[in-house]
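User: I am new to this structure. Please take me through the terms used for it.

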Amino acid sequence: MAPKTLSSFLCPFTLPYTLTIPTPKILTLHSKPTLTLCRYSHPQNTHRKSSVSQTQYPNSPPEPAGTGAAAPTPGDRFLERHRSVEAAKVLLKEKKKKKKEKPKVTTTVACCYGCGAPLQTSEPDAPGYSDPETYALKKKHHQLRSVICGRCKLLSHGHMITAVGGNGGYSGGKQFIMAEELREKLSHLRHEKALIVKLVDIVDFNGSFLARVRDLAGANPIILVVTKVDLLPKGTDFNCIGDWVIEATAKKKLNVLSVHLTSAKSLVGVAGVASEIQKEKKGRDVYVMGSANVGKSAFISAFLKMMADKDPVAASAQKYKPIQSAVPGTTLGPIQINAFLGGEKLYDTPGVHLHHRQAAVVHSEDLPALAPQSRLRGQSFPSQVSSGNGTGEKDNSNGLTGYSIFWGGLVRVDILKALPETRLTFYGPKSLQIHMVPTDMADEFYQKEVGVLLTPPTGKQRADEWRGLETERQLQIKVEDVERPACDVAISGLGWITVEPVSRVLTSSDTSAKGAAGEVHLAVHVPKPVEIFVRSPLPVGKSGAECYQYRELTEKEEEDRPKLHF
């Protein structure tokens, strides 16, 4: 017997037993072929015959012993199947990720941190302009986020520089962007998962509320922040104000989580908003939105100041906070602020410019006259006022019937019918003087005094360009309870007029006046695009709290009702 060599024991691709390869199927392997070395041994059962020779394909020479591909083991098949499943999962995840991707606020272009306008060095008069040398230096050191444009520097020093035109824009200055474009920059919000902080001005509640806010916010939750409550008259009960706001908001059918009464100037209520944002953001970015000049940038500054003690990220963000000014349309683009430790972003958004507010019709130089600077004090009529013809006190025998009241050059109220003791109280900026004249002299008085005694418009040149009070609305106000105010007549962008059927200064002995009920007929004249709202009276002052009536709520209404914070 010949001696066994090493090759007889270590032959590649040789199995201990002969393989029977089935003919119908041919295995297709995707893994790399592996060289297998195994020990060869002669089969002990000689009666088993190799079937390999019986399964050879026609016209193919028989393969020599020890050659050919090895059959996949169960482990190989399991590993291959596992790899295929994992690869399919990765592809599926990538497809889902692409579908979920939505357009977001672009931050690739460097913007002015004061107004959000893209930085540029070519147009000195346009928003976003930066000196070329400063721009190049900041860009070299990757510090473009710390650049403030020339327009923001002028705004911070009190200059009135408008930049927004179109429907809701402002006259008297260059128009670099349309109001519609600013609104379009907010359209992506309805597709994102975000927390919306919506601001509304208590002095101009109806005019600043944004009638179509759902088109912007979508189904995202809203924290409603009522600003400038420090301007309300002394003695105002915030519980009554909050209940009035919630009742007015419920009619809008929005996803409002809570209502906050705040003041960015005195920081009243800002801590409550900060706590609510931390509780509700849940990994989402936070967007502060509202109408133009409602106080968004001022609120953000107050918010960062309140957060700075507890959050070092918010403390560092105070250095580059948005600019504040009295000019509507100060913010021209979304401003990203790193304000949270968790990495979520806070965005100051461009104000939504509304064509129906008084700010859209006056000259840019007259805009400061529309913003109250101190606590409101109602001016009531009738009172001892000087009539237009200089006769001093007027005859009170017929009350206000037959008289017209001018609120600056922007509003005229004709009293067509009133109860003998009916009183009108005006709440708005003190810079607008109020004058009362007989209705038959009103047209002549307005033509003579507009731009002089009746301002805004201010000055003869602006008065000549003024189109006048083109819109007239007839109001028939039903008096159901003479002991309470009948309603408010709110002028969009200015303030409101409270209609009291019987003066609250009457003594209890004046039963004849209190027993009378009926209607009050008014004709209100305003510039053409300005809107007039008739609403339930806002309960301001001590007398407002005394007359306010809370509505009885069911258990379900109590559960669904937004929580009030102040």
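Analyst: Two strands pair if DSSP finds at least two bridges between them. Strands (E, at least two residues) and helices (H or I, at least four) are DSSP runs, numbered from the N terminus. This is a predicted model: local features need pLDDT of at least 70, side-chain atom pairs count only at pLDDT 80 or more, and totals for chains, interfaces and linings use all residues. Residues are numbered from 1 along each chain as its sequence is written, and side-chain values use heavy atoms, without hydrogens and water.

User: What makes β13 and β19 a pair?

Analyst: Five bridges join β13 to β19 (residues 518-526). Pairing needs at least two, so they qualify. The two strands run antiparallel. Ile-415 stands opposite Leu-522 in β19.

User: Why is β13 called largely enclosed?

Analyst: Buried means under 20% relative accessible area; exposed is over 50%, and partly exposed lies in between (1.4 Å probe, protein chains only). Five of the seven residues of β13 (residues 411-417) are buried, so the rest of the structure largely encloses this strand.

User: Which strand forms a hairpin with β13?

Analyst: That is β12, with three residues between the strands. Gly-408 in this hairpin takes a positive phi near 60°. β12 (residues 403-407) and β13 pair in the antiparallel sense over four bridges. Phe-406 has Arg-412 as its bridge partner in β13.

User: Why do β9 and β21 stand at the edges of their sheet?

Analyst: The open sheet has seven strands in the order β9-β10-β8-β5-β6-β7-β21, with mixed pairing. β9 (335-338) and β21 (563-565) each have a single partner strand, so one side of each lacks a neighbour in the sheet.
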